[in-house]
Amino acid sequence: QVQLVESGGGVVQPGGSLRLSCAASGFIFSMAKMGWYRQAPGKQRELVGLITGDGSANYVDSMKGRFTISRENAKNTVYLQINSLKPEDTAVYYCNKSPPSPWGKGTLVTVSS
């Protein structure tokens, strides 16, 4: 079955950077469109952006500029680079296929001084 394991979160100071990883299994990863999502405390989960199997990424307008999605098909892994982190980026970050499968546990990013 589909498994998605996110990692790389942590506590970061404002202005810092993080690279999140998502290891996927249970499907043909190289052919799958993948997405990164986030859910801030008390808010609904929202899309950050999507990346096609051949590596073309698109982002929600509000996420453009500081977020970069990439993938390594040989490793069945998709990445999310976040730069210039802000306190409002504090959230649990998830990856998923598009269309989505059952969600993984996500990885918590806390931006705080």
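Student: Leaving aside its neighbours within four places in sequence, what is Tyr93 in contact with?
Tutor: In this predicted model, and with the neighbours within four places in sequence left aside, Tyr93 is in contact with Glu6, Leu20, Trp36, Tyr37, Arg38, Phe67, Leu80, Ile82, Gly106, Thr107 and Val109.

Student: Which residues have the most contacts inside the largest nonpolar core?
Tutor: They are Leu20, Met34, Trp36, Val78, Leu80 and Tyr93, within a core that has 26 residues. Strands β3, β4 (33–39), β5 (46–51), β7 (67–72), β8 (77–82), β9 and β10 (107–111) each supply at least two residues of this core. In soluble globular proteins, nonpolar side chains tend to be buried together.

Student: And where does the largest share of that core come from?
Tutor: The largest share comes from β3, which supplies 4 residues.

Student: Switching to disulfides, how many does a search of the whole structure find?
Tutor: The search finds 1 disulfide, and the bond joins Cys22 to Cys95 with an S to S distance of 1.7 Å. Cys22 lies in strand β3 (residues 18–25) and Cys95 in strand β9 (residues 91–98), so the pair ties together parts that are 73 residues apart in sequence.

Student: Is Cys22 buried or exposed? And Cys95, buried or exposed?
Tutor: Cys22 counts as buried, at 0% relative accessibility, and Cys95 also counts as buried, with a relative accessibility of 0%.

Student: OK, aromatics now: how many aromatic pairs are there?
Tutor: The count comes to 3 aromatic pairs. In one of them, the rings of Tyr37 and Trp103 have their centres 5.0 Å apart and their planes at 90°, so this pair is edge-to-face. The pair links distant parts of the chain, since Tyr37 is in strand β4 and Trp103 in the loop between β9 and β10, 66 residues apart.

Student: What other ring does Trp103 form an aromatic pair with?
Tutor: Trp103 also forms an aromatic pair with Tyr94, and that pair is edge-to-face as well, at 5.8 Å centre to centre and with 75° between the planes.

Student: What about charges over rings, say, which ring does Arg71 sit over?
Tutor: The charged end of Arg71 sits over the ring of Phe29, 4.3 Å from its centre. There is also Lys97, which lies over the face of Phe27 at 5.5 Å from the ring centre.

Student: Where is Arg66, and what does its side chain reach?
Tutor: Arg66 is placed in the loop between β6 (57–59) and β7, and its side chain reaches the backbone oxygen of Ser84 at 3.1 Å. Arg66 is buried, with a relative accessible area of 17%, a value that falls under the 20% cut-off for that class. Leaving aside neighbours within four places in sequence, Arg66 is in contact with Gln81, Ile82, Asn83, Ser84, Leu85, Lys86 and Asp89.

Student: Back to Ser84 then, what is its phi?
Tutor: Ser84 has a positive phi of about 50° although it is not a glycine. Ser84 is found in the loop between β8 and β9 and is partly exposed, with a relative accessible area of 41%.

Student: And what is the phi of Asn76?
Tutor: Asn76 has a positive phi of about 50° and is likewise not a glycine. Asn76 is placed in the loop between β7 and β8, where this residue is partly exposed, with a relative accessible area of 26%. Most residues other than glycine have a negative phi, and most peptide bonds are trans.

Student: Speaking of peptide bonds, which residues does a cis one join?
Tutor: A cis peptide bond joins Ser98 and Pro99, with omega at about 0°, and the place of Pro99 is in the loop between β9 and β10.

Student: Last one: where is Ile28 found, and is it buried or exposed?
Tutor: Ile28 is found in the loop between β3 and β4, and Ile28 is exposed, with a relative accessible area of 57%. Ile28 and Val2 are 26 residues apart in sequence, and in space they are 9.9 Å apart, C-alpha to C-alpha.

Technical notes. Residues numbered from 1 in each chain as written. Predicted model: local features only at pLDDT ≥ 70, side-chain atom pairs only at ≥ 80, totals over all residues. Heavy atoms only, no water. Disulfide = S-S within 2.5 Å. Buried < 20%, exposed > 50% of the residue type's maximum accessible area, 1.4 Å probe, protein only. Core = buried A, V, L, I, M, F, W, Y, C linked by side-chain atoms within 4.5 Å. Contact = heavy atoms within 4.5 Å. Phe/Tyr/Trp six-rings, centres within 6.5 Å; stacked < 30°, edge-to-face > 60°. Lys NZ or Arg CZ within 6 Å of the ring centre and 35° of its normal. Polar contact = N/O pair within 3.5 Å; in protein donor to acceptor, adjacent residues only side chain to side chain.
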